[in-house]
Amino acid sequence: MDEITPINYTEKTTDELLSLLFDEEDRVTEAHLREVAARPDAHETLREWLQESNRWHDRGCGHWWSLYHAFMALSLNGDPAHLDDLLLALKAAFNHDFDWIKEDSTAALAQFGSAGVERLIEFVKAERPQSFTGKYVCDWRTRVMLTLTRIALDHPAEHARIADFIVGRYSDLEETDPEFLALNIDNAMLLDFERCRQVFPEAYARGAVDAELGGDDAATAIAFFESVGYDDEDLLNTEFLEFYQPDAIAERKGRWTKEPDDDDDDWSDDWDDDELLARNRSNYADGSVFKTLHAPPGYNTTSTGSVVRETKVGRNDPCPCGSGKKYKKCCGNDA
């Protein structure tokens, strides 16, 4: 087999590099991304991509992946001037269920370190429910709190400042989202456990913490943390740019080559198609169960009529249908 000559990205024009971000979809390399991040004349285009509402709605792979690359490249650049665009993109990622950005956003935004702390704190305050109502407000506020926690652990000089802010949410009477406070219990206790022991009882007493999510009372929440520990280790320790490593690219490529092209065989839509059901009506044995189904490539039909995959797809792998989502948030959502 002929060896593929590595691309010398430094020799490419900025327009060529940006075009490749679109064309190479999920095969973009770290060297490519770093070269884009180092080009000041590329930044405005990357910011425009994140601001274009049509790009978020377009499920074509090129547009979908270009948003992820733009988010990661601007985070890699580390210029605080990009934070507003990235935070808007984070909100869009939750609104459009773009889990690749959601799950890697903590590692990405943490790259701003001390320079990003003040803006991230302002974001958490400004996005309180009374100032903005929306389905995912709690989620993106919590993701930024997780980012602040990671910065505190990575930058000891910021630890006291961030711990004071996060733990302070539980004594702030303007913090009126019980779900938000429940979801951030671990972040607070990880950064200042002793102070949490002091402020949690009062927060629970005034009903500020969702008991279903955070435990019936302060004592329960504290005891749970002491016995189980931090609950978001995976998100807190996600490796930045892991997506662009050769082994990750090779694994994705291997899965894509084994799966049918989504444009050629959009089988997931067919299962709800009345015509397909009518075609298989003759395969009923007792009027209740399909004995034979026309399973799509890469799938088999069991004796009970269930359709199963020939090879296992990890929950965090790209969904083979080509949506750009992770399998657990797409075709594997009901698994």
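In which hand, left or right, does α6 cross α7?

1. The α6/α7 crossing is left-handed (the near helix is turned anticlockwise from the far one by less than a right angle). The contact (heavy atoms within 4.5 Å) uses L83, L86, L87, L90, A93 and F94 of α6, and I101, K102, S105 and L109 of α7. Of these residues, eight are nonpolar, one is polar and one is charged.

2. This is a predicted model: local features need pLDDT of at least 70, side-chain atom pairs pLDDT 80 or more, while totals for chains, interfaces and linings use all residues. Residues are numbered from 1 along each chain as its sequence is written, and side-chain values use heavy atoms, without hydrogens or water.

3. Helix α6 spans residues 83-95 and helix α7 residues 99-109. Their axes (lines fitted to C-alpha atoms over the stretch in contact) come within 10 Å and cross at roughly 155°. The two helices are therefore roughly antiparallel (angles over 145 degrees).

4. Helix α2 (residues 30-37) packs on helix α5 (residues 61-77) at about 65°, with the axes 8 Å apart. This crossing is right-handed (clockwise). L33, R34, V36 and A37 of α2 meet H69, M72, A73, L76 and N77 of α5. Six of the contact residues are nonpolar, two polar and one charged.

5. Overall, the chain has 19 helices and two strands (DSSP runs: H or I, at least four residues; E, at least two). Of its 335 residues, 48% are buried (under 20% relative accessible area, 1.4 Å probe). The chain exposes about 16,700 Å², 47% of it from carbon and sulfur atoms.

Technical notes. Axes fitted to C-alpha atoms, helices over the stretch in contact; angles between N-to-C directions. Nonpolar A, V, L, I, M, F, W, Y, C, P; charged D, E, K, R; others polar. Buried < 20%, exposed > 50% of the residue type's maximum accessible area, 1.4 Å probe, protein only. Areas by Shrake-Rupley, 256 points an atom, 1.4 Å probe, with all protein chains shown as cover. Parallel < 35°, antiparallel > 145°, perpendicular 65-115°, else oblique.
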